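Me: I am new to this structure and would like to go through a few of its features. Please keep the answers plain.

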Amino acid sequence: MKSLQHLNKYFWKYRWRLVLGILFAVLSTFFGIYVAVLVRKATDFMTHAVAEHYSFEATAEELLKYGLLILGTTIISGFLMFLMRQSIIVMSRHIEFDLKNEIFAHYQSLDTSFYRRNNTGDLMNRISEDVSRVRMYIGPAVMYFASTIATIILISATMTNVSAKLTLYALFPLPILVVVIYFVSDLINRMSNKVQEQLSKLSTIAQESFSGIRVLKAYAQEEPTGNYFTTESGVYRKRYLGLIMTEALFSPFILLLMGLSTLLTIYVGGKLAIDGQITYGNIVEFIIYIGKLTWPVASLGWVTSLVQRAAASQERINEFLNTKSYLTPNHSPMGKWKKGVNSISFGEWRGEVEFKNVSFVYPNSGIKALDQISFRVVPGKSLAIIGKTGSGKSSVASLICRLYDVTEGEILVAGKKLQEWDLHSVRRQIGYVPQDTFLFSDTVENNIAFGVGYEKSSLGQVEQAAKSAGIFSEIERFPDKFKTMIGERGITLSGGQKQRIAIARAIIGSPQILIFDDCLSAVDTETEAEILGSLRKIMMEKTTILISHRVSTVKDASHIIALDQGRIKEEGTHQQLMDKHGYYFELYKMQMADEEKKNDAEILPMQ
Ligand SMILES: Nc1ncnc2c1ncn2[C@@H]1O[C@H](COP(=O)(O)OP(=O)(O)OP(=O)(O)O)[C@@H](O)[C@H]1O
Ligand SMILES: [Mg+2]
């Protein structure tokens, strides 16, 4: 239950709706009970009229009066119930909205290792399914609880007032009902948890199959995947049917106990009425009360199970909400800068990057990716990092973007420790093209403009960025040019086209630091040279970090670092490294040989 305390701040935020809702619940219950009182009066009048031989007209007129009163009271009670729903259920929708936003904002603030630990299906489920269950507590549970308590207090007070003895008999089966329902709810609760777990699993399977649909189809794995899905769906169906079966036993049981109550009331009440202790109207009144009490009392058990389910869901939500990004962002989640933290303005910023004996171990896997790395790049210069796969090149890029914090040593940006800068401001000054390019299913224009935010960019800027990235003329040939949709709802781009759009996205905001992680790997060396040529103008005033496998990409950089197993194996300019006849030289020779072989292969068919 503790987990639900998280929601108190929201109850406080919407306290007036809540207070009004509870007030409406009490009032509606009051008028609902008053109907029974009117029925009692009408019945007593009838018995009286029959005994005293009243005229038909007089009896009819009086009964009509009661009829109209009952109708009016019911309408008032119904209208109040409507107002109660309007306040409490609407409040629950507002809280649902706020909670979803809170979770989403928190997801976004978490570092990348969180996303490696948790799968997307789980993330999605907590923000949709779990929030819905929590809403059942905020809305229906609170509402039913308020009206149930009001009903129990008001009805038992009215009943005891009439006859304590009859009340005892009439209400005798109800505690049994509460206890049984509580245990059954508990059972239902456990069963529904299992159902929920299975649903999470199903979403994950579906989500992964669809995002990996191309691989799935290429390996002709449709049938096995389909079978897997069917099996898991079967488990889900079995569990769900079990749950429904248990739930179905509920209503008959409640009806049985309700019948027992009614029977006792008529028997005991009848004897009391014959003795003259109560009127016949009281018996009718009591039967209405039992009807009115049974469902709310039964719903107590149901509400308990709703609350328990909500608590379990909120616990899952809290687990994520309490996950802290281990990066200290230096700003509050709402984007307000914390006092005393340097938010960077363009003027004072100089994109100098320095690594001082940086070592880095991936927190989730314990792999030591970098070992005692030191270098310094200043604006206008470029640093190239070359090395075999797994040598730690991308890790350097991740550290500059502060996707992770260093394990040892420090990174200085513009002469200040990276951690001391405001995280967002730093990232805004970095144009990062990751190794695995990701484009949204949106237009080409929006994908490029994403680098500065859609609102802040003009088409001219987007076009300029596309030109510098060497993709402009290709975009012009797309069916809708810059308005062409990419991805699921539009055209499919080649690897090289994607990479260049990602480059355009990185440079559009003219950031001070450019990081290109293997971003030309999917284009041929000739195109690469062209793109690098046009990027050179942009790189002139910026700090550039170029990461590549290929010597051809890095050879013109001001300084080259050759990484091997996280260590700097060699460094210097292209010429210095060539003269050394070491690691870099070997790499160069190997790649030149490959290139020649490729050229030969291209020539062969023409002979
Ligand atoms: N997110 C991660 N979590 C844990 N370990 C990682 C992660 N990313 C990379 N590693 C590990 O860190 C080491 C360096 O990886 P890195 O991605 O920096 O290499 P790279 O030089 O960029 O390789 P490539 O040329 O293939 O891109 C590897 O051993 C890799 O398995
Ligand atoms: Mg890499």
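Reply: Helices here are DSSP runs of H or I with at least four residues, strands are runs of E with at least two, and both are numbered from the N terminus. The model is a predicted one.

Me: Where is Arg 477 found?
Reply: Helix 15 covers 472-476 and helix 16 covers 495-507. Arg 477 is found in the loop between helix 15 and helix 16.

Me: Is Arg 477 buried or exposed?
Reply: A residue counts as exposed when its relative accessible area is over 50%. Arg 477 has a relative accessible area of 65%, so Arg 477 is exposed.

Me: What separates the C-alpha atoms of Arg 477 and Leu 300?
Reply: Along the chain, Arg 477 and Leu 300 are 177 residues apart. The separation of their C-alpha atoms is 66 Å.

Me: Which residues are the protein donors of the magnesium ion (ligand 2)?
Reply: The donor atoms are an OG and an OE1, lying 1.9 to 2.2 Å from the ion. They belong to Ser 394 and Gln 435.

Me: How many residues apart in sequence are the parts that this pair ties together?
Reply: Ser 394 lies in helix 11 (residues 393-400). Gln 435 lies in the loop between strand 6 (430-433) and helix 13 (444-449), so the parts tied together are apart in sequence by 41 residues.

Key:
Residues are numbered from 1 along each chain as its sequence is written. Chains are lettered from A and ligands numbered from 1 in the order in which they are written. This is a predicted model: local features need pLDDT of at least 70, side-chain atom pairs count only at pLDDT 80 or more; totals for chains, interfaces and linings use all residues. Side-chain values use heavy atoms; hydrogens and water are left out. Buried means under 20% relative accessible area, exposed over 50%, partly exposed in between (1.4 Å probe, protein chains only). Donors are N, O and S atoms within 2.8 Å of the metal (3.2 Å for Na, K and Ca); water is not among the atoms, so sites may look incomplete.
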